[in-house]
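Dear colleague,

Please keep the structure open while you read.

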Number of protein chains: 2
Amino acid sequence: MSEKQPGLRERTRRAVTAEIAASAQRLFVERGFEATTIDDIAGAVGMSQRSVFRYFATKEDIVLGKFDLVMEDMLTALRQRPPGEEVWTSLRHVLDVLISASEAPDKQALVEPIHRLVFETPTLLAGYLQKLQYMQDAVVVLLQDRAEAAGRPYDTADPAPRALTAAAFGCLLAAQHSWLASDAKSTFADAVDRAMATIGPRA
Amino acid sequence: MSEKQPGLRERTRRAVTAEIAASAQRLFVERGFEATTIDDIAGAVGMSQRSVFRYFATKEDIVLGKFDLVMEDMLTALRQRPPGEEVWTSLRHVLDVLISASEAPDKQALVEPIHRLVFETPTLLAGYLQKLQYMQDAVVVLLQDRAEAAGRPYDTADPAPRALTAAAFGCLLAAQHSWLASDAKSTFADAVDRAMATIGPRA
DNA sequence: GTCTAACGTGTCAGTCACTGACGACTTTGA
DNA sequence: TCAAAGTCGTCAGTGACTGACACGTTAGAC
């Protein structure tokens with residue numbers, strides 16, 4: 001059992017990370033993202049500004065950081081789809097990972113306010129879109145690999161896989177808007193379904 | 001002739017703005033966006049840092065600023081489409097405005113390097129995506145107005161118009177990638193056509 | 001033509017996100 | 001038990017940006 005647990009060091013690190021994120025997000029939701037300084041956050045958790053930056057690379061990351069983990073899961077999910085599956089279908093299943101992640105029961109109460117925060121704060125929106133874009137880059141690479149493995153590779157400059165991917169993620173954003181517009185009354189998954197039903201690949 | 005010309009003041013303002021943009025973009029392409037400071041730019045055009053910020057709100061804006069004008073034109077173009085036209089068709093025509101704007105003969109030589117700069121610089125990519133997102137917000141509003149005027153309004157939380165719009169702009173991004181991947185050999189308009197041919201609205 | 005109000009500019013000081021370096025303290029593992 | 005490694009606060013510094021002030025220029029009324 002050389003690797004039994006994450007180790008004490010790693011555990012405390014995660015605990016501190018979570019505590020900073022929790023305090024910061026509360027402040028962000030209360031006062032707004034821009035109006036909250038790193039010093040405010042550092043003060044709220046009783047540490048120095050420098051130490052906050054030892055846990056989060058940027059202020060943005062305090063809000064958007066956990067997204068990276070979800071994105072990893074999404075890529076893993078895509079890799080596990082059957083190679084011959086319709087691209088559009090695979091993409092729908094990839095989004096399912098994000099959906100279930102945002103339905104995590106632990107802090108359900110924060111999901112909607114954080115969502116709104118991201119869409120209402122220009123900086124955060126930009127960062128979120130950027131992350132989604134890089135995610136799409138990774139997805140496109142996987143799709144290209146998959147097509148090549150199936151014996152019908154895409155041309156190097158073929159915009160098709162990226163167009164499909166971008167459309168799917170566009171549906172995600174449309175669904176998020178729709179979900180927020182309905183005051184989170186309907187299911188998020190339902191919004192994604194409705195969005196993805198409006199467009200699709202051409203035969 | 002009370003409003004003959006933009007006036008001397010306005011003219012010099014535009015000239016200085018253009019000069020700063022030209023110098024800055026040269027530096028950005030040479031050294032990279034992050035590696036170029038505002039002081040560098042100010043020095044290159046012989047003015048103070050403070051004055052540069054009197055012409056551009058942010059460093060990002062020096063690169064992405066003119067985009068706002070193109071976006072205005074795109075919205076105007078959308079307003080002039082026939083109200084009964086297929087949404088997807090209208091969107092294709094909206095993108096035409098951007099295409100012809102990037103084919104402007106004046107500084108054709110800069111279009112490709114700037115394009116690459118934006119896609120290779122995380123900050124600029126984020127800012128670009130953010131602008132495109134706000135553009136989509138405006139497009140969606142117009143589409144909703146149009147549908148309402150035609151007597152078949154969208155439901156408030158209907159993700160359809162946003163999904164279609166997002167898909168169209170996703171095709172734009174896919175086309176830009178494809179265009180850059182082919183070393184700008186093919187036409188940009190052609191790349192957009194190919195991207196938009198892969199997906200479309202469902203009956 | 002003159003005068004005044006508006007405008008453009010440089011300078012200075014300040015905020016905020018972020019980074020590197022250092023020294024003190026704590027934990028880990030041989 | 002001791003040395004390597006990790007954590008932390010402090011300090012100093014950079015770079016994007018902002019507000020305030022004083023100075024010179026210019027536009028436009030008269």
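Helices (H or I, at least four residues) and strands (E, at least two) are DSSP runs, numbered from the N terminus. This is a predicted model, in which local features need pLDDT of at least 70 and side-chain atom pairs count only at pLDDT 80 or more, while totals for chains, interfaces and linings use all residues. Residues are numbered from 1 along each chain as its sequence is written, chains are lettered from A and ligands numbered from 1 in the order in which they are written, and side-chain values use heavy atoms, with hydrogens and water left out.

As for confidence, pLDDT is the predictor's own score for each residue, from 0 to 100. Chain A averages 93, and 97% of its residues score at least 70. Among the elements of chain A, the mean is lowest in helix H7 (residues 108-120), at 92, and highest in helix H4 (residues 59-64), at 98.

On a 1 Å grid over the protein atoms alone, a cavity is a set of points where a 1.4 Å probe fits but cannot get out, whereas a pocket is an open set with protein on both sides within 12 Å along at least five of seven lines; lining residues have an atom within 4 Å of a point. Grid points are joined across faces, edges and corners, and a volume is the space filled by probe spheres set on the points.

The largest pocket holds about 1,100 Å³ of space. It is lined by 35 residues, and Gln25(A), Val63(A), Lys66(A), Phe67(A) and Lys107(A) lie nearest its centre. H1(A) gives the most to this lining, with 9 residues.

The second largest pocket has a volume of about 620 Å³, and its lining consists of 21 residues, with Lys66(B), Phe67(B), Ala101(B), Ser102(B) and Val111(B) nearest the centre. At least two lining residues come from each of helix H4 (59-64), helix H5 (67-79), helix H6 (87-102) and helix H7 (108-120) of chain B, and H7(B) gives the most, with 6 residues.

The search of the whole structure also finds 1 cavity of 30 Å³ or more, and the largest cavity has a volume of about 200 Å³. Of the 16 residues that line it, those closest to the centre are Gln133(A), Gln136(A), Leu173(A), Gln136(B) and Leu173(B).

Polar side-chain atoms of Ser48(B) and Tyr55(B) lie 2.8 Å and 2.7 Å, respectively, from a phosphate oxygen of DNA strand C.

For DNA strand D, the side chain of Ser51(A) has an N or O atom 2.3 Å from a phosphate oxygen, while a polar side-chain atom of Arg50(B) lies 2.9 Å from a base oxygen of DNA strand D.

With best wishes

Technical notes. Polar contact = N/O pair within 3.5 Å; in protein donor to acceptor, adjacent residues only side chain to side chain.
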